[in-house]
Amino acid sequence: MVEELAQADDAIAACVDAAAWPLPEHELVAALDAAHRLQQRLAAVTLTLVREIDGRGTARAQGASTTTVWLRERLRMTVPAARRLVDLATALDTGNPGIRQALADGAINLDQARVIADTATTVQTTTDTETADKAVDVLVEWAGQFDPTLLRRMSTRILDHVAPDLADAAASAALAAEDARATRDRHLTISEQTDGRLRLTGTLDAETAGLLRAAIDPLSAPTGPDDTRCPGQRRHDALADICRLALRTGELPDSGGDPAQIVVTTGYDALTRQLNAGALDIGLQLTPDTVRRLACDATILPAVLDGTGQVLDVGRQRRLVTGALRRALVLRDGGCAFPGCDRPPRWCAAHHIRHWADGGPTNLTNAVLLCGHHHRHIHHTNWTVRLDNNGRSEFVPPAWLDPDQVPRRNHYHRRR
């Protein structure tokens, strides 16, 4: 298969360099159709490979928590896109083979394949395999006329076409299946942008959507005729108010042994008593005005990495990494330090590079932040953790994974 894919790659590379402008219109459209068909057929090959990788446990063997996370790192995909790929690969492998064949033939695209696979699962759950197969045949035919959005809308009444006597009885079951899919697909992604801001994307199930609207709508209403904020800005400010209210309750779970709190790192001039620009423990930069406002609104926790204000090296007196030492570790690593992991500090524990039981001290130069999965992985595999000359965490893979054992670093968190 590798040789055949290499040949296909060469052929496509030749098309990339070919000029499109000399083509007459009918050939231009035909070339677009052909390129689209090839894209779908290649997607079928990709799904077969993903399914095999997932089934073998390749991702976990190489240190990733799931195949989804491994794909994100390997193919530079977003987590939601990788998750959809794994789910569809599973569905096509275990479901009606006609769906995969239609994709391999270039008759349907990936989004249409997802709609048909979801519908087939719902129909089989509420009726039988024979009816589900009929539904697949009809939907594959419809896919030649309708985009994925219309196809999904029409699929909700597919039984009217393939099993009219069962349609009404199955409608409630289909609704329940759709609710189950909404529960399965729920997610919230928080990604850091290059300018220091965060981008929120996600999909909420119906219940959570109701909770969010109930909380955010009253706070996002205009405050009066002088309120010049747009609706999006008002919702943004309302979310900030909700977070402040939650922090003030004191009822949030602990975060790595410390209360839920904002940690700001900044220089402090004892003579002028003026705060400078600062940074949050998650790596985002703050203006001096914002730091001063936070100093008024909340308790500012000093994070002095190299001064005498905090004792960061507790030697052998204590095993657990807590308090000032943990905050320093969070500021250095920014989250799970294992390569390719994006878990935030609140999900991580401190790992002793040289185990405490073996005489390793509890200090900043002998600790690294790891999420639960990678903490276990480090303890049970041959990965090696160390700090480079700049005090940054790096991981040396085992020889079976990388014969050259080139050190790897995490690029998902802020680095100084």
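Q: Why is R76 called exposed?
A: In this predicted model, R76 has a relative accessibility of 65%. Exposed means over 50%, so R76 counts as exposed.

Q: Where is R76 placed, and what stands out about its phi?
A: R76 is in the loop between α4 (67-75) and α5 (79-94). Its phi is near 60°, a positive value in a residue other than glycine.

Q: What makes Q405 partly exposed?
A: The relative accessibility of Q405 is 36%. Buried is under 20% and exposed is over 50%, with partly exposed in between, so Q405 counts as partly exposed. Q405 lies in the segment after β9 (393-396), and its phi, near 50°, is positive too.

Q: Why is S393 called buried?
A: S393, in strand β9, has a relative accessible area of 1%. The cut-off for buried is under 20%, and therefore S393 is buried.

Q: How do you know that the side chains of S393 and D333 make a polar contact?
A: The contact joining these two side chains is 3.1 Å, and a polar contact needs N or O atoms within 3.5 Å. The side chains of S393 and R332 are also joined by a polar contact, at 3.4 Å.

Q: Which residues does S393 touch, not counting those up to four places away in sequence?
A: S393 touches R332, D333, A337, V368, R386, L387 and R409.

Key. Residues numbered from 1 in each chain as written. Predicted model: local features only at pLDDT ≥ 70, side-chain atom pairs only at ≥ 80, totals over all residues. Heavy atoms only, no water. Helix = DSSP H or I, 4+ residues; strand = E, 2+ residues; numbered from the N terminus. Buried < 20%, exposed > 50% of the residue type's maximum accessible area, 1.4 Å probe, protein only. Polar contact = N/O pair within 3.5 Å; in protein donor to acceptor, adjacent residues only side chain to side chain. Contact = heavy atoms within 4.5 Å.
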